[in-house]
Amino acid sequence: MCGIVGYVGSAGPSGRPLDVALEGLRRLEYRGYDSAGVALVVPGGELAVAKKAGKLANLVEELDAHPLPPATAAIGHTRWATHGGPTDVNAHPHVSGRLALIHNGIVENYAALKAELLAEGVEFLSETDTEVVAHLVSRAYDATKDLTAALAGVARRLEGTFTLLVVHADVPDTVVGARHDSPLVVGLGDGENFLGSDVAAFIGSTRQALELGQDQVVTITPTSVTVTDLDGTPVQAAPYTVDWDISAAEKGGFRSFMDKEINDQPQAVADTLLGRLDLAGHLVLDEMRIGETVLRSVDKIVVVACGTAAYAGHVAKYAVEHWCRIPVEVELAHEFRYRDPVVDERTLVVAISQSGETMDTLMALRHAKEQGATTLAIVNTHGSTIPREADAVLYTHAGPEIAVASTKAFLAQITAAYLLGLYLAELRGNKFPDEVAATLSELREMPGKIQQVLDRSERVREIARWMSDTQSVLFLGRHVGYPVALEGALKLKELAYIHAEGFAAGELKHGPIALIEPGQPVFVVVPSPRGRNSLHSKVVSNIQEIRARGARTLVVAEDGDDAVVPYADEVFFVPQSSTLLAPLLAVVPLQVFASELAHAKGLDVDQPRNLAKSVTVE
Ligand code: M6R
């Protein structure tokens with residue numbers, strides 16, 4: 001939820017530590033934007049700290065008004081508030097004596113630790129759990145004069161989730177970090193080194209990175225990186241090269257990251273398909289580290305995910321069940337984890353996550369592993385925790401997604417889930433390689449078709465601008481159109497702060513139709529008339545039913561579907577496709593609509609209120 005950056009190397013090529021920290025925070029701000037702060041280690045043995053409530057811009061303004069001195073090391077933090085409101089005082093870093101500390105996560109036993117410190121006469125300035133840790137590490141350092149050992153020792157006492165970074169005025173060229181259930185990666189430079197919640201923090205300086213595992217401590221100086229476990233035993237961290245560069249993390253001329261990411265979708269789908277078919281037409285999933293015997297014995301698939309990723313799972317259910325004849329359950333990860341689910345050695349649990357760090361999904365994955373299930377991750381972010389812990393991973397290749405609202409990751413997740421379904425279908429004999437190849441060939445046409453939807457999006461934008469005063473919008477869909485409707489509603493809620501709800505169209509008469517009153521806007525995702533005709537005509541009947549009650553109908557239908565025209569106030573046509581692949585097209589107008597309406601209301605489309613990109617606390 002919070003973004004964390006650390007840097008050492010004042011003589012390195014990246015420039016002043018403060019500038020590196022601010023640049024890192026700028027790139028990590030999507031993780032949380034309740035406050036921002038930095039701490040610098042100043043030559044001569046002092047700390048300099050600045051922190052401000054609100055977005056990073058407030059901190060930059062403060063630093064312009066009150067510049068900080070040159071430094072040898074820096075840590076920076078952008079916050080999504082958990083304990084204590086979003087104020088200057090609660091902003092990180094938290095200082096104790098000559099030490100400054102930043103934190104991502106929640107320390108669950110902070111009250112007991114705080115009581116202990118209060119009893120010893122320690123005074124607290126903030127309401128945060130983090131300040132407790134700052135005091136503990138400061139006292140441990142005073143006792144040992146070893147910053148790494150001090151942080152590791154305190155980390156062993158903490159319950160909950162954390163990434164912690166610490167600097168001390170006594171050790172001017174050093175930043176120490178520790179992680180437990182929260183992300184932290186190392187960036188390797190030349191005469192400089194970096195720490196970040198994700199690689200975006202340092203992608204402008206280096207693409208060489210180290211993955212840190214669970215319960216590890218890292219100490220960086222300008223010329224060294226040392227990793228140990230919490231007991232001080234040395235650990236070999238795995239190096240990797242980040243497969244995207246800084247241009248992928250820029251807006252590229254678009255007015256928002258979300259606009260850019262919507263526009264990136266044809267490429268995201270194409271890249272996710274790339275290189276996954278061999279010359280004989282067989283699917284090649286290189287990262288699939290689960291044996292064929294195990295996959296053949298699977299008798300149930302459970303998808304665990306949250307938010308948009310869960311809707312990708314809903315789409316996958318329709319496709320995988322149809323292609324593989326394996327029952328697929330889709331469950332919100334936070335519900336799955338705590339309801340004693342029935343999973344065993346023959347269950348394949350698929351965790352879908354853009355960030356690879358969503359705590360609810362990670363906990364569900366761990367629970368599934370404990371029950372003996374085989375686990376597979378569909379994840380976008382390399383070096384993240386979920387793929388490290390799953391038995392296998394299928395990476396989506398959407399590139400970095402910066403906007404809080406997920407768009408291109410959704411399309412890439414659906415694409416990866418199709419690949420998984422086709423792979424299983426071929427392996428288990430439900431489909432022959434030529435059938436798989438035929439479906440893949442249709443999949444390969446999808447980037448071009450998504451581009452066509454984007455090229456036609458001006459009318460959607462126009463309607464969205466007209467509707468900027470709308471108070472409520474409903475979304476209806478059926479079959480794979482149902483998760484598309486849910487995703488359309490989620491996009492509008494999170495971006496435009498408008499009441500929006502998605503329904504299965506067949507459910508209308510069981511209650512939701514009571515919401516229809518004259519003028520109520522309703523998006524309807526209509527299935528292809530060429531495939532399941534019965535469903536097409538049923539959804540067209542639903543449109544008639546709501547229109548008869550005064551609804552304003554905004555219909556997403558495929559090219560040539562003239563049957564919807566008489567009952568639609570507006571039709572957004574998308575290219576024809578097979579029913580199961582249609583979500584890749586039908587969702588795009590809904591994304592564009594939500595983004596444009598939020599822009600029209602003057603809202604921050606990339607950083608909607610109260611949200612953060614990676615939800616790393618339960
Ligand atoms: O990183 P993840 O894919 O695990 O994130 C899951 C959800 O938090 C995420 O999809 C969220 O719902 C987005 N804000 C939706 O736009």
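Reply: A charge sits over a ring when NZ of Lys or CZ of Arg is within 6 Å of the ring centre and within 35 degrees of the ring normal. By that test, Lys55 lies over the face of Tyr33, 5.0 Å from the ring centre. Arg609 does likewise with Tyr497, at 3.9 Å from the centre of that ring. Bear in mind that this is a predicted model, where local features need pLDDT of at least 70 and side-chain atom pairs count only at 80 or more, while totals for chains, interfaces and linings use all residues. Numbering starts from 1 along each chain as its sequence is written, and side-chain values use heavy atoms, leaving out hydrogens and water.

Now for rings meeting rings. You'll find 6 aromatic pairs in the structure (Phe, Tyr or Trp rings, six-membered for Trp, with centres within 6.5 Å; stacked if the planes are under 30 degrees apart, edge-to-face over 60, tilted for the rest). Phe194 and Phe202 make a tilted one, 5.8 Å centre to centre with 40 degrees between the planes. Phe194 and Phe202 are both buried (under 20% relative accessible area with a 1.4 Å probe, protein chains only; over 50% is exposed, in between is partly exposed).

Then look at Phe475 and Phe523: their ring centres are 5.2 Å apart and their planes are at 5 degrees, so this pair is stacked. Phe475 sits in strand 20 (residues 472-477) and Phe523 in strand 22 (residues 521-525), so the pair ties together parts that are 48 residues apart in sequence. (Strands are DSSP runs of E, at least two residues; helices are H or I, at least four; both are numbered from the N terminus.) Phe475 and Phe523 are buried too. Ring pairs also bring in Phe572 and Phe593, making a cluster with Phe475 and Phe523.

Leaving aside residues up to four places away in sequence, Leu492 touches Phe475 and Phe593, along with Tyr497, Val473, Ile498, Ala500, Ala594 and Leu597 (contact means heavy atoms within 4.5 Å).
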